[in-house]
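Please consult the sequence and the structure shown here.

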Amino acid sequence: MKEVGYRFDVIVVGAGPAGSASAYTLAKKGFKVLLVERGRIPGSKNVFGGRVYADPLREVFDGFDDSAPIHRWVTKERISMVSGDAMTSFEFYMRKNTSFTTYLTELACWMAKKVEEVGGTVLTEITVDELVVENGKVTGIRVGDEKVSSEVVIDAEGINRLLLERAGLVPKLELRHAGLGVKEVIKLPKKEIEDLFSLKEGEGLAWLMMGDITGGLPGGAFLYTNKDSVSLGLVVMLGEAVKEVREHISRYVEALRLHPLLERYFRNGRIMEYSAHLVPEYTWPSLPHRLYADGLLVAGDAAGLLLNLGYNFRGVDYAAYSGYLAAKAVEKAHEMGGMTSENLSVYERLLEESFIVKQLRKFRNAPKMRENRRLYSTYPELLNSVMGQLFHSSYEVPKVMEAFKRARKGRVGWLDLISDLLEVVRSV
Amino acid sequence: MLKVVVGIKWVPNTTSVNIDPNTGTLIREGIPSVVNPHDLEAVEMALRLKDEYGGKVTVITMSPPSAIAGLEHVLGMGADEAILVSDRAFAGADTLATSYVLAKVIDRLDYDLIIFGQETIDSSTAHIGAQVASWLDLPYVYYVTHAELRGGKLVVRRSLEDAHETYELDLPALISVAMHSLNPRRVRVSNKLRVKLENPIKTWSNEVLGLDPECIGLRGSPTALSKIEMVPKVPRKNEVFRGEAREAAKWLLEKLKEEGLLELG
């Protein structure tokens, strides 16, 4: 292994949101930073559903509102319960710049450019083969037969943590700790998107669907409107779904696109992209891994920091913010005299004090709740049955409670119903 | 010591390109560009010669500045220098005007050997190598799969469908590498670091080269494209039979008979 002729204070592995946020924060403070990415461009290995919350990014990146690649501000939230061809939706509209849709690759490229603007070095097409560990301390990275050294490595390699696994720092990823997101990006004229979904220019829709629309797999479907395309896909819980998947997962997205309730939207559409990616599904605080070691910090999906509530996902902003906190930890460890495990442990404290861990703690029961299969079949059916009785009765309309009783019968017992309801209310 | 110049082209990744059915032109919008893959083989051959005999590899490209990403890639593979030949005055060039500019660039460099790829994936003319050799009055061999030095001469193997030919060339010379003959190496982290931290890419505009505007760009390009005809789409029926293999076979035979594609005795 040859040492290359350049040394860095910090090496960040992975130019996704977490890695770029770390690299940017540290380069801005004058640290000599190297950010390495295995894809041909930053973000080329990233996949997300379609929406990002802006404020955490605003806090991390200067000039966010001037130059970040924002497609549409989400002003319309729609949550639908689907059974067969029936759908009950709940819709909320409010004009406010809180979260936006974009292409993650564009956003990641923008972030990496910000890193270069403040003096960081960004290398693409570099696949790190291994973290170099000497006397129990991470001292750099190995790429092929070459070593690049640094005081500290921030591992933001994503959910597929090959480097951490090879270094024996984390166990192999278990199915129950992962979801699988699959999606298509379908190109549509900008104006048509606005007409189809009743949006004003620059406004976006975030639409989540539960029920048998996922082809019976436990999880949810989503549709996000981009500038001149929509992202359509589903996230399934792997631990449960793996027993039941009978076809290639791409078929499930295809079925979604051809679903009687959805196909009307895509008649003039052209599929531009198909992608799939794992999603972390951990329960805080029982992470099966540590987030720091001598000379090492772990951020983003590699650290398992993503919140999935079923009705909302927080991934990109959590990843970026955890990267930012990892950078803060490096700053503090530097002031304390070095990148020892003890000094870097401040990272865990910073995370604990941040909205990320507070939220993950608050919603720690959400993953368990989402394992309840009745959420995906029984309740959407029940709800649509009630609505059907109320609105598809030409002469005699039942009272709501009457309709509910009829719908419940044979579907779910009172005990299950009440305990499920309590669980949902307590979890989210 | 061998001083090698390699020419590369920055092209839209045509595996993902569509043709506009109305205009017949490539829809380039949003298509990521790449180094023409056959040119990477030319770079690989140059680097192998450098590995063997020492020397220097200079890569040139005539392109808009976005091609810097491509030059960074070949520098990452191990090339020593790169020159981006870029000027609005060069835009709209056909192969004649392009080869003229490239020849004038190479003329200013100290070289023993020039290597091009066989052709590009976006236009496939395979003109540039031959034309540059003509401008510079150099011996030219194409479809080269192997090159080595022997007694101060370059010995190259030229692979044809039914024969391998061996040529001995006086240097300087120009060769084009047969496509799919070499596997381009991966980038090295030390090389990529050098690119970022020492910036070895030079940009030459026509201010540097001072070429006659009549010989470059659109004005220097006599090629006129009169018409593009699209290959008509064969209508497909897309019928799928799902079921037992035997049933499927019967169904298929029936269909083939119906279409008159099969006569059963």
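The domain bounds used below come from an automatic or database domain assignment. The model is predicted, and chain A is divided in it into three parts: domain 1 (2-69 + 100-173 + 284-366), domain 2 (176-280) and domain 3 (377-427).

**Domains of chain A**
- The centres of domain 1 of chain A and domain 3 of chain A, taken over C-alpha atoms, are separated by 46 Å.

**Contact between chains A and B**
- On one side of this contact stand 10 residues of chain B, and on the other 11 residues of chain A.
- At least two residues of the side of chain B that touches chain A come from helix H2 (68-77) of chain B, and at least two from helix H5 (189-198) of chain B.
- H5(B) gives the most to this side, with 6 residues.
- The side of chain B that touches chain A comprises 4 nonpolar, 3 polar and 3 charged residues.

**Helix packing in chain A**
- Helix H1 (residues 17-28) of chain A packs with helix H4 (residues 104-117) of chain A at an angle of about 20°, and their axes are 8 Å apart.
- Because angles under 35 degrees count as roughly parallel, H1(A) is roughly parallel to H4(A).
- The crossing of H1(A) with H4(A) is left-handed.
- H1(A) contributes Pro17(A), Ser20(A), Ala21(A), Ala23(A), Tyr24(A) and Ala27(A) to the contact, while H4(A) contributes Ala108(A), Met111(A), Ala112(A), Lys114(A) and Val115(A).
- By class, the residues of the contact of H1(A) with H4(A) are 9 nonpolar, 1 polar and 1 charged.

Technical notes. Residues are numbered from 1 along each chain as its sequence is written. Chains are lettered from A and ligands numbered from 1 in the order in which they are written. This is a predicted model: local features need pLDDT of at least 70, side-chain atom pairs count only at pLDDT 80 or more; totals for chains, interfaces and linings use all residues. Two residues are in contact if their C-beta atoms, placed from the backbone, lie within 7 Å. Helices (H or I, at least four residues) and strands (E, at least two) are DSSP runs, numbered from the N terminus. Ala, Val, Leu, Ile, Met, Phe, Trp, Tyr, Cys and Pro count as nonpolar, Asp, Glu, Lys and Arg as charged, and the others, Gly among them, as polar. Axes are lines fitted to C-alpha atoms, for helices over the stretch in contact, and angles run from 0 to 180 degrees between N-to-C directions. Angles under 35 degrees count as roughly parallel, over 145 as roughly antiparallel, 65 to 115 as roughly perpendicular and the rest as oblique. A crossing is left-handed if the near helix is turned anticlockwise from the far one by less than a right angle, and right-handed if clockwise.
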